[in-house]
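Hi,

Here is the structure I said I would pass on.

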Amino acid sequence: MTPTEAAQDAPEALVLPTLTEMPQNPDGSPLSDGTVDVTLVNVTGNEGEEQLVALAFTSVSLLVEAMGETQPWVIIPTDAVGKALSGSGATAVLIDPQLADSAEGGSAASG
């Protein structure tokens with residue numbers, strides 16, 4: 001798949017789990033341009049190194065399936081996710097992860 005094909009397949013927005021409830025517009029986007037505390041987790045790479053990643057889902061239903069109905073979330077345009085995570089320490093975004101029960105908890109990121 002070429003980068004152009006990947007970009008065409010990318011969703012317009014991603015659903016990011018947050019640590020707290022946030023005021024939202026009707027489309028699920030944050031009501032203000034303030035800080036959003038998104039869920040970050042440590043994952044172990046292929047060579048045993050740990051890296052901090054942001055979780056993101058391509059739909060609210062996939063987030064609910066992975067994290068439960070009570071998980072707060074926001075919707076951020078896909079092309080704005082990198083900027084939103086700037087300064088968070090996240091080195092990647094894990095899209096549509098299948099989470100184990102032990103993956104709960106994480107750290108906050110401002111974005």
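**The cavity**

The largest cavity has a volume of about 40 Å³. Keep in mind that this is a predicted model. The structure holds 1 cavity of 30 Å³ or more. What lines the largest cavity? The lining is made up of Phe 57, Leu 62, Glu 65, Ala 66, Asp 96, Pro 97 and Gln 98. By type, that lining splits into 4 nonpolar, 1 polar and 2 charged residues.

**The cores**

On to the nonpolar packing. There are 13 residues in the largest nonpolar core, and Leu 16, Val 38, Val 74, Ile 76 and Val 81 are the ones that touch the most other members. Two or more residues each come from strands S1 (13-17), S2 (37-44), S3 (50-56) and S4 (73-77), and from helix H3 (81-85). H3 gives the largest share of this core, at 3 residues.

You'll also find a second, separate core of 7 residues, with Val 53, Leu 55, Phe 57 and Ile 75 among them. Phe 57 turns up in the lining of the largest cavity too.

Back to Val 74 for a moment. If you skip its neighbours within four places in sequence, Val 74 is in contact with Leu 14, Val 15, Leu 16, Thr 18, Met 22, Gln 24, Gly 28, Pro 30 and Val 36.

**One threonine**

Thr 39 sits in strand S2. Is Thr 39 buried or exposed? Thr 39 counts as buried because its relative accessibility is 7%, and the cut-off for buried is under 20%. Thr 20 is 19 residues away from Thr 39 along the chain, and their C-alpha atoms are separated by 9.7 Å.

Cheers

Terms used: Residues numbered from 1 in each chain as written. Predicted model: local features only at pLDDT ≥ 70, side-chain atom pairs only at ≥ 80, totals over all residues. Heavy atoms only, no water. Core = buried A, V, L, I, M, F, W, Y, C linked by side-chain atoms within 4.5 Å. Buried < 20%, exposed > 50% of the residue type's maximum accessible area, 1.4 Å probe, protein only. Helix = DSSP H or I, 4+ residues; strand = E, 2+ residues; numbered from the N terminus. Contact = heavy atoms within 4.5 Å. 1 Å grid on protein atoms, 1.4 Å probe; cavity = no way out; pocket = protein on both sides within 12 Å on 5 of 7 lines; lining within 4 Å. Points joined across faces, edges and corners; volume = space filled by probe spheres on them. Nonpolar A, V, L, I, M, F, W, Y, C, P; charged D, E, K, R; others polar.
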